[in-house]
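Hello,

Please have a look at the sequence and the structure before you read on.

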Amino acid sequence: MSFSNLCSYLDKGSNNWNARTSPISKITIHHAAGKVSVEMMSAIMRTPGRTVSWNYAIGNDGRIGGYIDEQYRAWTTSSRANDNIAITIEVSNDTNSAPWTVSDAAFKSLLNLCEDICRRNNIKRIEFTGDKSGNLTMHKWFAATGCPERTLSAAFPSIANEINRRLGAPSQLESQYVTDPTTQNVSAAGAAVSGTTVPITELIDYKKINPYAATIDSTVSSIDIQPLRDLGVTFLCIEAGKLYDASHIELDRFRNPNLDTIIKSARHQNMPYGLYTEIYGRNIEEADKEIYQIRLAVQKYTPEIGLWLSPHFTGTKENNDRLLKRYYDAFVKLGLEGQLGLYCRRSEIEKITWSGKWCEQLLFWMDDHVTDLSDFDRLLTPDFFMFSQ
């Protein structure tokens, strides 16, 4: 065993390694917390007083460097147990500050390297479970760190799906419905079945659905994360609040009164989360009032899995497009480009010019219902439900 043939740079000079005592079965991805090259990663590894190393690093330009031979355990995640069975990869950011985005070149190289590692180490399938039990893991699950930060963390489901596609393994998005085994309610993407007497557990095996999100609305006052993890939940989408009610009456308070408690629980138990909010603005003035309140929540809570807008459009397409642009521009300025989505029914999508730029700039999480079981396949396609671009 040595290094991947994809490496264009090798640095074998570090003594920060140990022999492995178990076969390689995992991949752990880190972010470098800076815009770096593979040569700079050598300098970082040799910083006086630092006893760290990694098997691979990917520069901002997409070049792949090899540092610790795969047959050895690198000192990367502060966890001997994880590093003993994992290939560790540091990925350059293309910024030197939050939101710590990653260049297209680095991301493409990451996918290629992960695929190569899986093929050579007989890893048949990537399982991203949202915790340590899967074979695609995060540094922050083993140490007091934010690595990888929200941009790269949010891409983990997409990384797993793409690698599995290349390996010929079933996609983790092959089934999108989420069933609560206690209530029998289907909740993924807001999908539900009505008008059927067939037990939902006979239709859907919720144990095979991975990953999926749990939406937490403002009525939830507290939450225990572990039972959600046991069911396969990999991130939360938490209601931030709303400024108008369904009758378009302005509310005295925007913020979800339980938001702080829920997010503290999520952070304490390392559960990634995003925020969602219903928007009712009918004109630019009302949209700006909503944007102000949403901005306060985003700035305080920094949603790792992005911000989801649940629109209630009432005007013409031209006016709705104008309002949506107002929201989009405001939140892109907060660093949420690529992490903004619409969480709504298709009827709302029909009220904007979706076939144009919006379908390229926004994610779409469909909140829809079906009345006929034959519609299941239509709803389950990734065209209608995406965790990421």
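**A strand with two partners**

Ile29 has Met138 in β8 as its bridge partner, and in β7 its bridge partner is Ile89. Before going further, please keep in mind that this is a predicted model, in which local features need pLDDT of at least 70, side-chain atom pairs count only at pLDDT 80 or more, and totals for chains, interfaces and linings use all residues. Residues are numbered from 1 along each chain as its sequence is written, and side-chain values use heavy atoms, with hydrogens and water left out.

Helices (H or I, at least four residues) and strands (E, at least two) are DSSP runs, numbered from the N terminus. Two strands count as paired if DSSP finds at least two bridges between them. β3 pairs with strand β7 (residues 86–91) in the parallel sense over six bridges, and with β8, also in the parallel sense, over three bridges.

Is β3 enclosed or open? Six of its six residues are buried, so β3 is largely enclosed by the rest of the structure. Buried here means under 20% relative accessible area, exposed over 50%, and partly exposed in between (1.4 Å probe, protein chains only). Lys26, Thr28 and His30 point one way from β3, while Ile27, Ile29 and His31 point the other way.

**The sheet and its helices**

These strands belong to an open sheet of six with mixed pairing, in the order β1-β5-β4-β7-β3-β8. Its edge strands are β1 (9–10) and β8 (136–138), each pairing on one side only. Helix α5 (residues 156–167) packs on the sheet and touches β3 (26–31) and β8; its direction makes about 160° with that of β8. For such angles, axes are lines fitted to C-alpha atoms, for helices over the stretch in contact, and the values run from 0 to 180 degrees between N-to-C directions. A contact is heavy atoms within 4.5 Å.

Strand β4 (residues 56–58) and strand β5 (residues 64–66) pair in the antiparallel sense over three bridges, with Ile58 opposite Ile64 in β5.

In helix α1 (residues 38–45), the buried residues are Val38, Met41, Ser42 and Met45. They cover an arc of only 105° around the axis, which puts them on the same side of α1; the arc is that of the directions from the helix axis to the C-beta atoms. The buried residues of α1 pack against β1, β4, β5 and β7.

**Another parallel pair**

Strand β13 (residues 340–344) runs parallel to β14, and four bridges join them. Tyr343 has Trp365 as its bridge partner in β14. Strand β14 (residues 363–366) is covered on both faces, with Leu363 and Trp365 buried on one side and Phe364 and Met366 buried on the other.

The chain has 13 helices and 14 strands, and 54% of its 389 residues count as buried.

pLDDT is the predictor's confidence in each residue, from 0 to 100. Its mean over the chain is 80, and 83% of the residues reach 70 or more. Confidence is highest in β4, at 95, and lowest in helix α6 (residues 200–203), at a mean of 43. Over residues 170–209 pLDDT stays under 50, and over residues 370–389 it is also below 50. Where pLDDT is low, the predicted coordinates should not be read in detail.

Best wishes
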